[in-house]
Amino acid sequence: MSRHAAAPTSSFARYDSTPHGKESMNEIAAVIFDLDGVLTDTAEYHYRAWRRLADELGIPFDRAANEAFRGVGRDDCLRLLLGGRTVDDFDELATRKNRYYVESLSALTPDDILPGSTELLAELKAAGIPVAIGSASKNTHTVLRGLGLDDAFDAVIDGTLITCSKPDPEVFTKAAAALGVTPGECLVVEDATAGIEAGLAGGMWTLGIGPLSRVGAAHAVVPSLDGLTWARIRTLIDDGAWTLRRPAGADPDQHLETILTIGNGHIAVRGTTLEGRPGEQPASFMHGVWDDMPVSRSELANLPRWWGMDVWANGARLGADPSRIADAWWSLDLRTGTLTRTLTWTPDDATTIALVDERFCSLDQPHAAAVRLRLAVTRGDASVHVRSGLDVHVDNLGLRHWDLVDQSVDGLTVTTVTRTRATGIELAACAVLRPDESAIESCDADGQPAILASAILSEGQTWQATKYVALASSEERFDRRTRVAEIAATSARAGWDALAAVNRQAWATTWHASDVLIDGDPAAQIAVRYGLFQLLSVAPRLADSSIGAKTLSGFGYRHHIFWDTEIFMLPLFTFTQPDLAARMLGYRWHRLDGARRKAAASGAAGARFPWESAGTGDEVCPVWVENPADPANLIRIWTGDLEMHLGADVTYACLQYWRVTGDDAFLRDRGAEIICDTATFYATAAVLEDDGRYHFRNVIGPDEYHEHADDNAFTNAMAAWHLRQAPRVLAWLEETYPAAAADLRTRLGIDADREALWRTVADAMATPRERDGVTEQQEGFFDLTAVDFALARDPGRTLSMQQIYGLGPTAHTQNLKQPDVLMLAYLLPELFTPEQFLANYRYYDPRTDHELGSSLGPSISAIIACRAGDPTAALTHFRRAAQADLVDVRGNARDGIHGASAGGLWQAVVFGFAGLRIDDDGWHTAPALPPGWTRVAFSFLWRGERQDVVVRASDA
Ligand code: BGC
Ligand code: BGC
């Protein structure tokens with residue numbers, strides 16, 4: 001047994017201020033400006049030169065066509081202009097256009113500098129922030145001379161110094177190198193789509209100049225530099241590090257609607273549109289509202305549609321004709337969990353309406369949510385109708401869960417009461433509408449009570465309507481009908497701003513506890529915050545529940561709770577929001593009876609947590625599912641029968657929680673019972689064989705490519721560890737709370753024989769073979785067919801190794817969906833010497849399907865790589881985890897967020913790159929920051945006291 005990292009006491013720093021507020025500003029060390037369209041407008045000169053050439057060639061060309069030329073190099077522009085025509089004199093044409101252009105440039109003077117630029121450059125100079133030009137133009141120096149800015153920049157990278165045009169980041173990365181800063185410390189200022197893409201691809205902060213339709217992907221967007229101070233830019237960029245902005249166009253893969261899910265720890269709603277669109281998968285869920293279903297046995301019922309509004313203007317319905325919507329953008333503010341959409345709508349040729357819709361579920365009031373619609377008529381007149389209500393005709397991918405019990409419309413208030421068909425859970429919903437001056441009608445259609453608000457608006461007029469919603473289920477012990485009516489009415493009286501303010505405050509408190517700051521890698525910063533947001537917004541704050549593998553963001557895995565929660569997501573909560581961790585561990589404790597039923601069904605004593613858990617704690621893993629590749633045949637799912645590491649995973653989480661929080665009451669009242677009864681399951685399920693060892697045969701470890709494994713290293717070692725913890729916990733209980741210990745012994749039937757059995761099985765657990773320091777993943781693994789490394793590491797591979805070989809055959813190879821032995825080394829590092837650890841890393845890491853195997857793997861692989869002293873490899877793994885949801889890598893985003901990956905990202909930063917370790921003496925860090933990361937800051941609670949941690953690249 002040995003540890004991999006000593007405690008370099010010099011390497012941790014605590015600091016007094018919080019890692020929030022002003023000092024959390026992302027460190028921007030340099031600014032790189034594009035030239036055309038940012039500092040000066042030579043676009044007009046270019047346009048004229050292209051136009052002249054186009055006229056000479058007889059090719060139609062206008063300003064609209066010129067828009068596509070922004071930020072694009074000359075040769076590529078010429079190709080665009082020629083549009084497939086072949087010419088013999090390509091180079092001559094390019095030179096000719098340039099001649100026309102350069103001729104016109106002689107007219108440039110300092111008056112051609114765009115407003116605000118001179119002031120900003122002077123401010124940056126005074127602040128000692130180096131500036132560079134990164135422009136595709138080969139005439140950059142001529143332009144700078146004309147503008148009188150030839151000495152204003154510390155570096156100029158222009159079209160003559162680069163080989164690839166934007167969106168390739170070359171021009172910016174070269175500028176960063178010339179300034180001596182890392183890409184992540186740079187801010188790129190750009191007016192072109194390709195330029196923003198280049199900045200993002202280079203891992204830089206980006207400020208877009210121009211309309212959202214052009215530069216909306218930037219971290220911050222402004223119309224121009226006019227009046228913009230450096231302080232203001234910093235604030236905007238800091239906001240950008242909290243905002244996910246995406247075009248709100250077609251979303252055929254239902255990717256955006258998943259990743260734009262918002263929630264408040266009780267209710268969550270997918271980011272589908274207010275008005276509803278064909279092809280969307282709208283859904284909203286509430287913790288605890290389980291209902292039965294075939295195959296997957298139990299799922300959360302999709303709530304009656306409470307967030308919708310139907311909008312008409314001059315008889316046209318919003319969304320009916322997508323071509324009449326332009327400049328549509330989503331923006332998700334992670335600081336407040338508010339999802340906003342802005343768009344321009346042309347309901348008819350004579351009318352234009354600027355529309356904004358916003359929604360949030362209040363983190364302050366778990367039953368409350370609000371939706372606001374704002375309209376501004378910018379052209380023509382509009383007769384507007386807005387229908388707002390509740391709709392109980394919803395389903396879970398075709399399955400209906402609700403019976404209507406009651407509905408009403410009373411003034412501006414609509415109410416529904418529904419009941420789940422199998423479990424009989426009642427849900428009361430109430431929505432109060434507060435429109436600006438309107439004519440009001442009620443529409444009490446069956447299951448769809450609503451209010452219709454109508455207004456006639458003329459050009460320049462604005463109008464808004466806010467919908468205050470409350471939802472409560474019979475899982476809560478109060479009169480839900482009265483309660484929802486009260487909550488919605490109270491919200492309506494308080495108004496949007498007041499509700500938004502308390503929501504913001506609740507989120508601020510949450511972020512204060514859990515935020516992580518990464519300097520030097522904007523993409524990593526946003527990805528980590530995004531992952532935190534998704535988990536913080538679904539961690540149950542009211543219900544006796546836990547977080548499912550796909551959170552509350554889709555129908556994937558039917559909201560079932562896996563080991564993902566305890567091993568991947570819970571550490572974030574244990575370390576930063578222990579109350580929520582305790583609630584989720586409580587979810588397991590309340591379901592010990594389900595686990596006891598499962599243990600009994602497998603012929604053992606004690607408690608065996610199900611592989612997939614829902615309302616009752618019984619196994620809800622499907623047994624047969626349809627094979628998407630071959631719908632005529634069903635696939636037998638073995639995980640529910642054979643995965644048995646859950647008990648040890650939950651025990652691990654309980655003990656981690658106890659060590660970090662020092663919450664003895666938890667261990668006394670709940671943890672000890674979980675740990676002892678699940679230990680009994682392992683002790684009575686293990687089979688003593690002729691070799692004198694206890695075996696677990698026919699199991700599945702975390703690596704699901706190998707079903708029916710004998711003596712899986714992860715399962716056996718975790719179970720043996722668990723069986724050693726149980727007597728320690730009992731001894732602690734006996735010493736600290738003798739009465740509770742006696743009671744537990746009686747209730748669980750723990751006598752001396754039982755305790756002896758725990759110890760015997762732990763000591764005689766079959767241990768896997770070891771070869772050259774490598775632990776064999778399961779019996780016979782070393783003899784399986786070797787991995788085809790050329791195939792496995794082929795960057796063009798689009799199928800998982802299991803998809804390539806097929807479900808059965810993959811098991812005969814050494815390809816891994818996730819690396820069990822390395823997972824074990826992560827959780828129980830003391831089982832490996834440094835040499836064994838490295839031997840296992842070198843053996844198993846390359847055999848893992850990091851790209852398309854399990855989404856759970858990459859974040860842990862990042863930590864493993866850090867511990868193996870390879871932060872560069874760790875960063876590659878980290879980026880894979882960071883993209884699990886933000887990019888639809890596996891093509892399954894529509895099913896929901898990859899919650900384990902989100903939780904793993906936090907662990908990768910905190911336990912991996914910052915190297916936080918706890919032991920009985922306290923905590924220490926052993927940082928291994930990856931290239932580009934200059935600083936990581938986070939906080940956690942150690943035994944109830946806040947610890948602020950900062951590690952810097954220079955500490956490593
Ligand atoms: C993984 C499991 C995980 C489950 C739910 C599976 O694909 O192999 O480890 O628990 O997904 O996320
Ligand atoms: C997962 C299993 C899960 C099964 C049924 C598979 O894709 O890998 O962990 O139990 O689906 O939900």
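**Terms and their grounds**

Modeller: Let us begin with a hairpin: two residues lie between strand 21 and strand 22, and glycine 411 there has a positive phi near 60°. The model is predicted, with local features requiring pLDDT of at least 70 and side-chain atom pairs pLDDT 80 or more, while totals for chains, interfaces and linings use all residues. Residues are numbered from 1 along each chain as its sequence is written, and side-chain values use heavy atoms, without hydrogens and water.

Colleague: What makes strand 21 and strand 22 a pair?

Modeller: Pairing requires at least two bridges found by DSSP; residues 402–410 and residues 413–420 form eight, in the antiparallel sense, so strand 21 and strand 22 qualify as a pair. Within this pairing, serine 408 is opposite threonine 415 of strand 22.

Colleague: How many helices and strands does the chain have, and what counts as each?

Modeller: The chain has 31 helices and 37 strands, each a DSSP run (H or I over at least four residues for helices, E over at least two for strands).

Colleague: Why is the chain called as compact as a globular protein of its length?

Modeller: The globule rule, 2.2 Å times the number of residues to the power 0.38, gives 30 Å for 956 residues; the radius of gyration, taken over C-alpha atoms, is 30 Å, so the description holds.

Colleague: Which share of the residues is buried?

Modeller: Buried (under 20% relative accessible area, 1.4 Å probe, protein chains only) applies to 59% of the 956 residues.

Key:
Chains lettered and ligands numbered in written order. Buried < 20%, exposed > 50% of the residue type's maximum accessible area, 1.4 Å probe, protein only.
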